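Me: I'd like a close look at a single part of this model, please. Take me through it step by step, and tell me how each term is defined as you go.

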Protein chains: 2
Amino acid sequence: MPKLSRSKQDYLKALYALGPEGEAVVTSRLALRLAVSPPSVTHMLGQLAAQRLVTHAPRAGARLTAKGRREAVEMVRRHRILETFLVRVLGFDWSEVHDDAEILEHHISDRVLEAIDRLMGHPAEDPHGHPIPDRRGRVRRRDLEPLSSLRRGARATVREIRDADGPRMARWKQTGLVPGAQVRVREVRALDDVFEIEVGGKRVVTGSEGLEGLMVESAKGGPRGQ
Amino acid sequence: MPKLSRSKQDYLKALYALGPEGEAVVTSRLALRLAVSPPSVTHMLGQLAAQRLVTHAPRAGARLTAKGRREAVEMVRRHRILETFLVRVLGFDWSEVHDDAEILEHHISDRVLEAIDRLMGHPAEDPHGHPIPDRRGRVRRRDLEPLSSLRRGARATVREIRDADGPRMARWKQTGLVPGAQVRVREVRALDDVFEIEVGGKRVVTGSEGLEGLMVESAKGGPRGQ
DNA sequence: CGCCAGGTTTAGTCTAGTCTAAGTATTCAT
DNA sequence: ATGAATACTTAGACTAGACTAAACCTGGCG
Ligand SMILES: [Mn+2]
Ligand SMILES: [Mn+2]
Ligand SMILES: [Mn+2]
Ligand SMILES: [Mn+2]
């Protein structure tokens, strides 16, 4: 099996991000996320299907096969290990490591990746709180929900932060919305789309859009089943 | 100026390696070193010339312009910093870091490169003894000669080791031919192409080919002018 | 002095990944 | 049910970087 190209690795990663459980993902969503035209997506899905990395029913979107998911998870592992390295070893801020990891993930050899992982003591989470898949591709699954789905009065702990949006991340960091932060929802005005939450004693007011990508663990009397 | 492609960076680096003072380098030599066909070289030299990175007189070889040399030296800097990092931080042996550096040099951003450099305290030499150009592209020039050019009885110190040949490097390491090693030439039988040298009290016998790529500083009563 | 073998360049082809423009299927509203 | 809007695919083209085959210089030898 020849190693996959950078493009193919990114397509698989996107497919995994948009449909982690193997849900079908539609052409336009992929095109949008990869900043590529829809015909390019169709074309590439054809090649990935020929390599049995995805299945592609015309006009019904594509889904990862087991093989494709393995490759995707491997890329997620690489990405997260690299981000952790950039923060813990090279001293970057977690709001500015995504783009470098996005490139490096394709060009680091396995031995270098594993050496970096070893150097850091095999971390379980990246700097944004995302779990790092282990070498066998096992991902610790967690029971999180979007912060924006909480109701008034709810308490929760911030666990994961979507890392692809630099400025938004910097803003969150500044207001204390970082992994581990305790939050309480003071008020939800659904009609106006206004959230008023409390984080570290401070009051923060935003629209739901401004919370997009913050995942929390609800504190309702211990772990909740979904 | 759009960033140069990986290929172009490698062509410039090769041109610099084969003609560090701006000497003309002939198509076939480049083709051989880059493991590419001669027509590919001609074609690429055309593009590099269009970008004013080289001058190319048909059938007379190509030479780096000042601009081209700047780019080349920048790549050498990247390569050597990365090799140093792989050895000092990630714990690899210096006989096995070249190939990874050869790829990574093209894909690490400036900020990551500088962070790595800072982390190591701005090393002046890579693990093979080669000087690391500084950020402005200044290279410390040294007065070295090939070990194989020494005469019987000469004493010298090994300073630089050509790093592109893994097995050869491993062999040198094993016999004690490493940067800093003191050597004495016991015997040179030019007709048979046999070198008998002493390194760290041990006797080593090779042909001149087996010493290709070892550069030494001669110990004849202090620094010698060339 | 001319010819020929080598090395170099030209010409044409291929692959991977992208694009735009055009055609087609699906869905949803009238 | 029919047509319009929308989304997807097909068709065709472009780029960078490689290759092979063929044409072309040129320097050294006879
Ligand atoms: Mn990331
Ligand atoms: Mn990527
Ligand atoms: Mn090297
Ligand atoms: Mn390289």
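Reply: Chain A is split into domain 1 (6-64), domain 2 (74-141) and domain 3 (145-218), with bounds from an automatic or database domain assignment. This is a predicted model, where local features need pLDDT of at least 70 and side-chain atom pairs count only at pLDDT 80 or more, while totals for chains, interfaces and linings use all residues. Residues are numbered from 1 along each chain as its sequence is written, chains are lettered from A and ligands numbered from 1 in the order in which they are written, and side-chain values use heavy atoms, leaving out hydrogens and water.

A residue is near the strand if one of its heavy atoms lies within 4 Å of it. There are 21 residues around DNA strand C, and Ser5(A), Ser37(A), Ser40(A), Thr27(B) and Ser28(B) come nearest.

The side chain of Ser40(A) places an N or O atom 2.7 Å from a phosphate oxygen of DNA strand C.

Helices here are DSSP runs of H or I with at least four residues, and strands are runs of E with at least two, numbered from the N terminus. The largest share, five residues, comes from α3(A).

By residue class, the surface has eight nonpolar, ten polar and three charged residues. Ala, Val, Leu, Ile, Met, Phe, Trp, Tyr, Cys and Pro count as nonpolar, Asp, Glu, Lys and Arg as charged, and the others, Gly among them, as polar.

For context, back to the domains of chain A. The centres of domain 2 and domain 3 of chain A, taken over C-alpha atoms, are 25 Å apart. Eleven residues from domain 2 and twelve from domain 3 of chain A make the contact, meaning heavy atoms within 4.5 Å. Together these two domains of chain A bury about 920 Å², 58% of it on carbon and sulfur atoms; buried area is the accessible area (1.4 Å probe) lost on putting two parts together, summed over both.

Notes
Polar contact = N/O pair within 3.5 Å; in protein donor to acceptor, adjacent residues only side chain to side chain.
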